[in-house]
Amino acid sequence: MKSFKDEFDRWGVVIVVISFAEPERLAPYQEHHHWPFVMLADPKRIAYQAFALKRLSWFRVFSPSTLMLYFRLLREGKRFQSYGKDDYYQAGGDFLIDRKGNILFAHRSQDPADRPPIEKLLEAIDQTSGSASEEN
Amino acid sequence: MEKIAINELELTDLQGRPVSLQDYFQEYSLLIFLRHLA
C-alpha cells in the first residue's frame, strides 16, 4: 500500500487507517511502523458497525487462506508483535467514500486474509473520478 | 448507493482527541478498517 501512496495522492484520495484498538495502543504501533497514512481509533466500534463490519466465525478466522498468509509473512521474516489484547474475530474492510458519505467502493473481508487488490481500488477511483468529471 | 453519516462515527486521533472524518478529505477518502494489529 505504501508504494501506491503517490498514486492515491494524485487522485486526491486520503488514506485513513481505522482500528478498534484503544488510541494508547495505536500510538506505539504507529511509532514502530511509520505508516504514511492517517491513523484513527474507533474503540467503541461505532464506525465498524456503521460500515456493517461483522464478527467472523472461528472457521473464517482460521481459514486455509488466512493460515497461508501468516505462513508467508513468517517466511518473509515478519514476527508477531503484541500490542495488548487483540480481537481476531472482528472483520475488517476497505471503503472509498466521498465527502457526503457516499460509499463508492466497498469490500468487507470474509476472512483476515481477504483484502481487495490495489489495482481494484485504483480502478474504482478511476471510474469514480471519470463519472465526476462527466457530471461537471 | 450506500451512504453513512461520517460525522457520527466518534473517531479519535492517537492522542484520544475526538476527530471528524471530514478533516481527512481531499476529494475522496479510502478507509481501511484493520482486522487486528499485526
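Predicted model: local features only at pLDDT ≥ 70, side-chain atom pairs only at ≥ 80, totals over all residues.
Let's begin with chain B by itself. Chain B has 38 residues, and 34% of them count as buried. If you look for secondary structure, you will find 3 strands and 0 helices. Reading from the N terminus, that gives the order β-β-β. The C-alpha atoms of chain B fill a box of roughly 30 × 20 × 20 Å along the principal axes.

Now bring chain A into view. How many residues of chain B are in contact with chain A? The count is 29, and they meet 50 residues of chain A. Two elements of chain B each give two or more residues to this side: β1, residues 11-12, and β3, residues 28-33. The largest share comes from β3(B), with 6 residues. Sorted by class, the side of chain B that touches chain A holds 17 nonpolar, 6 polar and 6 charged residues.

So what does β3(B) pair with in chain A? Its partner is strand β1 of chain A, residues 13-19; the two run parallel and are joined by 6 bridges. To see one of these pairings on your screen, find B:S29 in β3(B), the bridge partner of A:V14.

Together with helix α2 of chain A, residues 23-33, the strands β1(A) and β2(A) make a right-handed β-α-β unit.

Next, the inside. The largest nonpolar core has 32 residues, and those with the most contacts inside it include A:I18 and A:L96 from chain A, and B:L11, B:L30 and B:F33 from chain B. Elements giving two or more residues to this core include β1, β2, α3, β3 and α6 of chain A, along with β3 of chain B. Which element gives the most? That is β3(B), with 5 residues.

For a close-up, pick B:L31, another of the residues with the most contacts inside the core. Leaving aside residues up to four places away in sequence, B:L31 touches A:V16, A:I18, A:F95 and A:I97.

Terms used: Residues numbered from 1 in each chain as written. Chains lettered and ligands numbered in written order. Helix = DSSP H or I, 4+ residues; strand = E, 2+ residues; numbered from the N terminus. Buried ≥ 20, exposed ≤ 12 C-beta atoms within 10 Å, placed from the backbone. Contact = placed C-beta atoms within 7 Å. Nonpolar A, V, L, I, M, F, W, Y, C, P; charged D, E, K, R; others polar. Pairing = 2+ DSSP bridges. Core = buried A, V, L, I, M, F, W, Y, C linked by C-beta atoms within 7 Å. Right-handed = clockwise from strand over helix to strand, strands pointing away.
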